[in-house]
Amino acid sequence: MKRVYIETYGCQMNVADSALMSHVLEDAGFRTTEDVQEASLVLLNTCAIRERAEDRVRARIRQLGQLKRIRPDLVLGVTGCMPKHLGKELLDRLPQVDLFLGPDSYRRLPELVEAAAQKPTLDLRLDDEDYSDLDPVSVEGVHAFVPIMRGCDRFCTFCVVPLTRGREKSLPLDDVIRQVESAVAQGARAVTLLGQTVNSWHHGAHRFVHLLDHVSRVPGLLRVRFTSPHPAEFEEEVFALMAERPGLCPQLHLPVQSGSDRMLEAMKRGHDRAQYRSLVDTIRRHLPDAGLSTDIIVAYPGESEEDFAETCSLIEEVRYDSAFLFRYSPRSGTYAHRKLRAEEIADEIAAARLQRVIELQERISHERYTRWVGRAVEVLVEGVSRRDPAHLVGKSADGKTVILPGGPEIGTLVRVEIGQATSHTLLARGVHEDDPVPGDRAVEQLEV
Ligand code: SAH
Ligand code: SF4
Ligand code: F3S
């Protein structure tokens, strides 16, 4: 029996893509293994978003090159965003690799793997592939990732995604619903809908709000989230619907990148600071307890001390529950890399700015988490705690990890009282057994 081992880097879309590749290969007679030693095919599903992501993959390829010396029949493939980003030059630079595939080539994996066993093979075409008929759903315990769109049309100046994944493609509503139903049939109780600008999903007469309406009414599904929305693509109806549907979790990731209007303009983000602040106000008006997170890039070319101070003040004003904080990384092929090399910020300054936002956010996260202490929170029990098997791990509706005492069944909703908080976790002191959360909640359909 042929065995495939897949290692995943990068975002949730890649996690879903790895599951898709696994399905395609299993249909062609492969078995997926967790043990690289017993695999005849090793795939690294890679990310190109920052230089560090690519460095990690290069190091891993060198390691696997050693394995290939002892096992010459092993086929080593590199898939996803990095081969698409670096293109044909990789064939010469990485002679250990037999197969390079971009994100739209996974349907052809079985034949391409066969070709790669004979000679180095590369397939980096981007087309209208959306895999909608292949059910690209990745179920892990009680949670599933469901891609609803692929690609990105926005071309932020720093970002490789439009280059690596091509133009935006939305999956048809019926296919999304079928995939969510199939995830529920496989045990999922919560789904996260995925897309690079997930809220710009549209198909025929349907817009994102309609999709949320349909998905949140799938029987047996307790919770729905989505990521990453783009701040400039929101319609207020989405928050109104989230406020009235218990299954639509009040958790929103709102990547802002910078608090400075000058930087937002330079990055071509499509909104200014005031519009973003007003979006946050609208969200909090509909969903006062929403968990908010963001992505920030510090030291974008030309960022002055004043620009950076604006980012810090925005973080203070919005008070995010958490944030992914990055230092700008130049990516070949992007506008910023082509045109703004001369304005790049010195390493020491960039590192110091990153450290400052990390410390600032850490303090705010701790305050935001601590405000739940003493309150009752609804938790979906997702598994057993890895650190302490007597405890369970779950998620609050606003997206926080909660550790709770053992007892409740995995896949159920329980109400717990929060006893303690760190900047990353809530610790429950008790489960409200006498106050269960109803599993099935009747809701009325939205009119399209
Ligand atoms: N589609 C999502 C984000 C995808 S990439 C969105 O638009 O929100 C995730 C995050 O990586 C981005 O939000 C950005 O903060 C960061 N990122 C992207 N390109 C980067 C670069 N060249 N350097 C540093 N961080 C980057
Ligand atoms: Fe990249 Fe911008 Fe598209 Fe997000 S919206 S994937 S940051 S180009
Ligand atoms: Fe990375 Fe590609 Fe995702 S560049 S972040 S794996 S879309």
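Strands β16 (291-298) and β17 (322-327) each contribute at least two residues to the shell around ligand 1; helices (H or I, at least four residues) and strands (E, at least two) are DSSP runs numbered from the N terminus. The structure is a predicted model, in which local features need pLDDT of at least 70 and side-chain atom pairs count only at pLDDT 80 or more, while totals for chains, interfaces and linings use all residues. Residues are numbered from 1 along each chain as its sequence is written, chains are lettered from A and ligands numbered from 1 in the order in which they are written, and side-chain values use heavy atoms, with hydrogens and water left out.

The shell around ligand 1 holds 15 residues, of which Gln196, Pro255, Gln257, Asp295 and Ser329 are the closest. A residue is counted as near a molecule if one of its heavy atoms lies within 4 Å of it. At least three residues of this shell come from each of domain 2 (130-249) and domain 3 (256-370), the domain bounds being taken from an automatic or database assignment. By class, the shell around ligand 1 comprises six nonpolar, four polar and five charged residues. In this scheme Ala, Val, Leu, Ile, Met, Phe, Trp, Tyr, Cys and Pro are nonpolar, Asp, Glu, Lys and Arg are charged, and the others, Gly among them, are polar.

Several N or O atoms of the protein approach ligand 1. An N or O atom in the side chain of Gln257 is 2.7 Å from an oxygen atom of ligand 1. Backbone N or O atoms are also involved: that of Ser329 lies 2.8 Å from a nitrogen atom of ligand 1, and that of Phe158 lies 3.0 Å from a nitrogen atom of ligand 1. Of the 540 Å² of accessible area that ligand 1 has on its own, the protein covers 90%; such areas come from the Shrake-Rupley method with a 1.4 Å probe.

Phe155 has a positive phi of about 50° although it is not a glycine. Phe155 is placed in the loop between β9 (149-150) and α6 (161-165) and is partly exposed, at 40% relative accessibility. Here buried means under 20% relative accessible area, exposed over 50%, and partly exposed in between (1.4 Å probe, protein chains only).

An unreviewed UniProt entry annotates Cys11, Cys47 and Cys81 as "binding site". These residues span 71 residues in sequence, yet no two of their C-alpha atoms are more than 10.5 Å apart, so they gather at one spot. Cys11 belongs to the loop between β1 (2-8) and α1 (12-27), and its relative accessible area of 33% makes it partly exposed. Cys47, in the loop between β3 (41-46) and α2 (51-70), is buried, with a relative accessible area of 12%.

Two further backbone features were identified. The peptide bond from Thr227 to Ser228 is cis, with omega near -10°, and Ser228 lies in the loop between β14 (223-227) and α9 (236-244). Arg319, which is not a glycine, has a positive phi of about 55°. The loop holding Arg319 runs between α12 (305-318) and β17, and Arg319 is partly exposed, with a relative accessible area of 29%.

Note on methods
Polar contact = N/O pair within 3.5 Å; in protein donor to acceptor, adjacent residues only side chain to side chain. UniProt positions renumbered as here; feature names shortened; annotations may be inferred.
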